[in-house]
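Reader: I would like to be taken through a protein model feature by feature, with the idea behind each reading given before the case itself. Please show me the structure to begin with.

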Amino acid sequence: MSSEYLYQRLESWLRQGIEEQRWHPGERLPSIRDLCRQHQLSKATVQHALQRLEVQGMLEARPKAGYFVVLQPAAVKEPVSRSRIEAPRPVTGSDLLLDIMRRSAAFDLLPDLHAGDLPAGIVTLNRAVARSLRRQRGELSQYYDEPEGDLSLRQQLALHLSRRGWPVDTDELCVTSGCQHALFLALMATCESGDVVAVESPGFYGVLQLLEQLNLQVVEVPTSISTGMDMDALEEVLKRWKVKACVVSPAFSTPGGALMPDRSKHRLIALADRYDLALIEDDIYADTALGTVPDPLKKLDTDNRVILCSSFSKTLSRDLRLGWISGARWHARIIHLKLVTQLASSRYLQQGVAEFMRDGSFATHLRRQRNDLRERRDQLISYIRSWPLEVRVSQPLGGLAVWVELPEQVDVLKAYARGLQRGVVITPGPLFSVSGQFTYCLRISFAHPWDERRIAALQLLPEILDLNKK
Ligand SMILES: Cc1ncc(COP(=O)(O)O)c(C=O)c1O
């Protein structure tokens with residue numbers, strides 16, 4: 001009997017148990033050791049079955065605590081909206097995006113929210129940065145940092161990434177001013193004006209803005225809200241048009257937190273090799289994983305064509321403006337472009353963050369953040385399910401937001417205007433595509449504390465969305 005058969009059998013048994021509510025939503029499954037004993041299986045076989053159910057969104061791994069049944073897996077309806085494949089086209093300006101960005105960073109209901117204390121991790125980070133500032137000596141302030149960034153930070157980043165199964169050298173990393181800057185450098189290094197770039201749809205609006213500025217054409221690839229970019233659709237796109245690069249977020253893509261299964265990652269690499277395209281991996285949400293942190297796509301890159309981009313914006317602070325890039329075969333050019341576009345990064349900020357990582361404070365902060373995010377995600381999903389109409393909502397295993405599909409007659413752009421009148425900024429679905437799709441969808445963040453002001457804003461949503469009358 002093959003081991004494949006054994007893990008599949010255990011997987012089916014566990015799935016049936018969850019569906020029949022032998023274990024209730026939120027309940028812990030028997031430990032790996034107990035499952036091994038009860039089913040006479042090896043630890044690796046049991047872990048494999050559990051991880052597969054985790055990727056399917058039925059279980060959630062909580063470090064050091066075990067596997068838990070996710071919130072109401074059978075009752076929550078997963079979003080189903082898909083985009084269409086259309087011919088490549090230039091990106092034209094989105095006034096909506098600029099309007100939202102001016103009000104904040106397009107990420108929440110109430111951008112002027114100032115309530116609440118600083119998270120403990122950020123207090124510790126601020127102290128580390130302050131110490132780094134005090135350590136400034138001599139004439140260093142008269143010199144720019146080297147373009148690839150401070151070695152102490154690159155060492156910590158290399159260590160951090162190697163813990164995810166990708167052993168990287170410090171000279172393969174370059175510090176950037178956030179992930180948006182890293183994406184910009186990656187596109188500049190790999191494409192020329194007029195080239196076609198494939199993106200997730202729905203996907204990150206910041207990439208669309210970059211394509212517009214760089215005069216690149218976009219082709220949108222239909223993307224599942226739970227499993228990410230559709231590889232059959234990508235293959236069809238690659239057969240029909242010459243695509244230069246593909247921007248993809250295998251780990252919890254925005255807007256719905258999709259997690260790309262390993263088989264899709266392998267297929268993506270194979271397609272990139274066959275059609276000779278650059279893969280630009282936006283890894284910014286990986287460390288928000290509520291369970292196991294997924295391996296980066298970059299780990300599978302045997303042909304040196306995956307450029308990994310990320311930053312501390314989703315884990316520490318958007319204000320740091322610190323990110324990183326590993327530029328594969330384009331790395332030298334990327335360092336040059338970083339020099340041209342930014343000269344250098346702030347040395348004391350980098351050294352402060354490096355100290356924060358070195359003494360274990362970053363790991364502690366991520367653990368705390370994970371617990372907070374899990375709780376807030378569950379609160380938000382339960383709240384949305386109490387709305388007067390049945391809606392579909394994603395159940396992400398990471399990221400900072402859920403994607404909500406409303407009845408098709410809801411017009412979220414009209415709701416956006418109504419929301420502004422009530423002091424609430426929503427993030428409408430059409431923002432995540434160039435082709436005016438997703439007019440009945442919206443993204444809602446669970447990054448913020450579940451406090452009175454937030455609850456008050458959320459309670460206004462059914463009215464703003466005009467759900468009561470539908
Ligand atoms: C998917 C994704 N990539 C990149 C960015 C840009 O991040 P940064 O603040 O590091 O520039 C964001 C920010 O919202 C994002 O959601």
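The conversation below takes up the domains, a sheet, a helix pair, some backbone details and the ligand.

Reader: What should I keep in mind about the origin and numbering of the model?

Author: The model is predicted, and local features are reported at pLDDT of at least 70, side-chain atom pairs count only at pLDDT 80 or more, while totals for chains, interfaces and linings use all residues. Residues are numbered from 1 along each chain as its sequence is written.

Reader: How is the protein chain divided into domains?

Author: Domain bounds come from an automatic or database domain assignment. Here the division gives domain 1 (3-69), domain 2 (96-117 + 363-464) and domain 3 (120-360). The centres of domain 2 and domain 3, taken over C-alpha atoms, are separated by 25 Å. Their contact takes 28 residues from domain 2 and 29 residues from domain 3, where two residues are in contact if their C-beta atoms, placed from the backbone, lie within 7 Å.

Reader: Which elements give two or more residues to the side of domain 2 that touches domain 3?

Author: Helices (H or I, at least four residues) and strands (E, at least two) are DSSP runs, numbered from the N terminus. On that side of domain 2, the elements giving two or more residues are helix H13 (361-385) and strand S15 (401-405), and H13 provides the largest share, nine residues. The residues of this side divide into 15 nonpolar, nine polar and four charged, with Ala, Val, Leu, Ile, Met, Phe, Trp, Tyr, Cys and Pro counted as nonpolar, Asp, Glu, Lys and Arg as charged, and the others, Gly among them, as polar.

Reader: What is the strand order in the open sheet of four strands?

Author: Two strands pair if DSSP finds at least two bridges between them. The order is S14-S15-S17-S16, with antiparallel pairing. Strand S14 (392-393) and strand S16 (427-428) each have a single partner strand, so one side of each is left without a neighbour in the sheet. S15 and strand S17 (residues 441-445) run antiparallel and are joined by five bridges, and cysteine 441 in S17 is the bridge partner of glutamate 405.

Reader: How does H13 lie relative to these strands?

Author: Axes are lines fitted to C-alpha atoms, for helices over the stretch in contact, and angles run from 0 to 180 degrees between N-to-C directions. H13 lies across S14, S15 and S17, and runs at about 15 degrees to S15.

Reader: At what angle do helix H9 and helix H10 pack?

Author: Helix H9 (residues 231-240) and helix H10 (residues 262-275) pack at about 5 degrees, with their axes 10 Å apart. H9 is therefore roughly parallel to H10, a description used for angles under 35 degrees. H9 contributes Met231, Leu234, Glu235 and Leu238 to the contact, and H10 contributes Ser264, Arg267, Leu268, Leu271 and Tyr275. Those residues divide into six nonpolar, one polar and two charged.

Reader: Where are the backbone details that deserve a second look?

Author: Most residues other than glycine have a negative phi, and most peptide bonds are trans. A cis peptide bond, with omega about 5 degrees, joins serine 201 and proline 202, and proline 202 lies in the loop between strand S5 (196-201) and helix H8 (205-213). The bond from threonine 254 to proline 255 is also cis, with omega near 15 degrees. Asparagine 215 has a positive phi near 60 degrees and is found in the loop between H8 and strand S6 (217-224).

Reader: Which of the 13 residues around the ligand come nearest?

Author: A residue is near a molecule or strand if its C-beta atom, placed from the backbone, lies within 6 Å of it. Gly178, Cys179, Gln180, Ser311 and Ser313 come nearest. Helix H7 (residues 178-190) gives the most to the shell, with three residues, and the shell divides into three nonpolar, eight polar and two charged residues.

Key:
Parallel < 35°, antiparallel > 145°, perpendicular 65-115°, else oblique.
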